[in-house]
Amino acid sequence: MIEVGALIDTVKEICSSIGPRPAGSEAEARAAELIRSRLEPLCDEVVVEEFRVHPRVLQGLIVFMALMYLAAFIVYFLMPPVAFLLGITSLLILYLSRMRGKAVLDWMFPEATSQNVIGKIKPRGEAKRILVFSGHHDSAYLMPLFWKHKPKLAMIQNIAVGCLALLTVLSAVKSAWIFLYGGSSILEGPLGFITRGLTDYVLSFNLFDYFMVVPLVGLIVTFYFMRNMVTSTPCMGANDNLSAVAVILSLAEEVSKRKPKNTEVWIVSFGSEEPSTKGSKFFAETHKEIADKALVVNLETVGQGEIGIISKEKSVGVTLSKEVVNLILEAGERAKIPVRTVEIGYGNTDASSLVRGGIKAATIFGMDENELFTLWHTPEDVPENLDEENLQKVKKLCMEILRIVDSSS
């Protein structure tokens, strides 16, 4: 039996009273306070942990990569060694930022304060395990590419990065050619047009210079990507990710009435997930003491779509906890809720930051036919497009997870 409206009402309340909640904003702080007030009467302990964040760093990274690509492309024809340095630096920064979760460029952008809200429900007996149910309360900015070319997101990004890598290789090859053979007259720079004429100038290109048509295509793709990913219009964020907030608040109410025997339950709402999962990264850094006995079930966009389990987040190179994935699968079988595991090709969740920090975690999410997040960074991410039945199924799944963990503690 579905309890009509119970969970969607929470989403509607936050959307109507607060609205969009960009990371580091006053609206995000108000959402954190509302969540705290809801958890206070249900939990044995509630804490709000503040941390500093650079809210525009992810969009800033996109702009930075595009401008570095443009600079490297132009400089290639004048000073190939400098183009190589620009290209290799850009790729290294991208790798460290996305694949390793390092705060390489954060210092370049304005700073703000964000909040994680943590509610703890103690068990009746000794706490042998900690089970964390998490989501995030900040909302994203609109990204038109997510509804224009959603199935091709990974491909478009990979074309841009691959072409930048090719430009870097061509710059290295041309630099070596200059060093070994003195280069071609193209090295005379723009004055070559004047001294020898356009025809001679073009004919003086080395063979590998003509491969630059590929980086040119990549440069066009890169600026198209930037134009359709970097905006200043915030989403309402009903599904991404108030759907998770509604579920975990309802879980807190349920668990507070019937406390587990040996499992301590933490209800956690992260701030600043959208700018590179900063809230969960801060949580992992400041709660290393729970790593040995904690399991985290993270929820993302669970208000619509097929219920799935993310086992790997390819775009950031993180494999999520197999133990937690198997736990969710077992709970799905017991609760008779169909779930399946997927390796998402684009995007990432708070679970990746937690796993990097040594905490076992995996993500339950609502996915579309592309095996990507539903209502993702679009104008349609509003309460009216959520499915109450989905929310209730995810809540039931989480309660079954708790029963399994507690029975084995």
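Reply: Glu 400 and Arg 403 are both located in helix 14, three residues apart, about one turn of the helix; helices (H or I, at least four residues) and strands (E, at least two) are DSSP runs numbered from the N terminus. The model is a predicted one, in which local features need pLDDT of at least 70 and side-chain atom pairs count only at pLDDT 80 or more, while totals for chains, interfaces and linings use all residues. Residues are numbered from 1 along each chain as its sequence is written, and side-chain values use heavy atoms, with hydrogens and water left out.

The side chains of Glu 400 and Arg 403 form a salt bridge at 3.2 Å, N to O (a side-chain nitrogen of Lys or Arg within 4 Å of a carboxyl oxygen of Asp or Glu). Glu 400 is buried, at 12% relative accessible area, whereas Arg 403 is partly exposed at 46% (buried means under 20%, exposed over 50%, partly exposed in between, with a 1.4 Å probe and protein chains only). Salt bridges with shared partners also join Glu 33, Arg 36 and Glu 40 into one network. Glu 40 is partly exposed at 39%, and Arg 36 is partly exposed at 23%.

Lys 395 is buried, with 11% relative accessible area. Across the whole structure, a search finds 19 salt bridges.

Helix 10 also packs with another helix. The axes of helix 2 (residues 26–39) and helix 10 (residues 238–257) come within 10 Å and cross at roughly 20 degrees; axes are lines fitted to C-alpha atoms over the stretch in contact, with angles from 0 to 180 degrees between N-to-C directions. The two helices are therefore roughly parallel (under 35 degrees; over 145 is roughly antiparallel, 65 to 115 roughly perpendicular, the rest oblique). The contact (heavy atoms within 4.5 Å) involves Ile 35, Arg 38 and Leu 39 of helix 2 and Val 245, Leu 249 and Ala 252 of helix 10. These residues comprise five nonpolar, no polar and one charged (Ala, Val, Leu, Ile, Met, Phe, Trp, Tyr, Cys and Pro are nonpolar; Asp, Glu, Lys and Arg charged; the others, Gly among them, polar).
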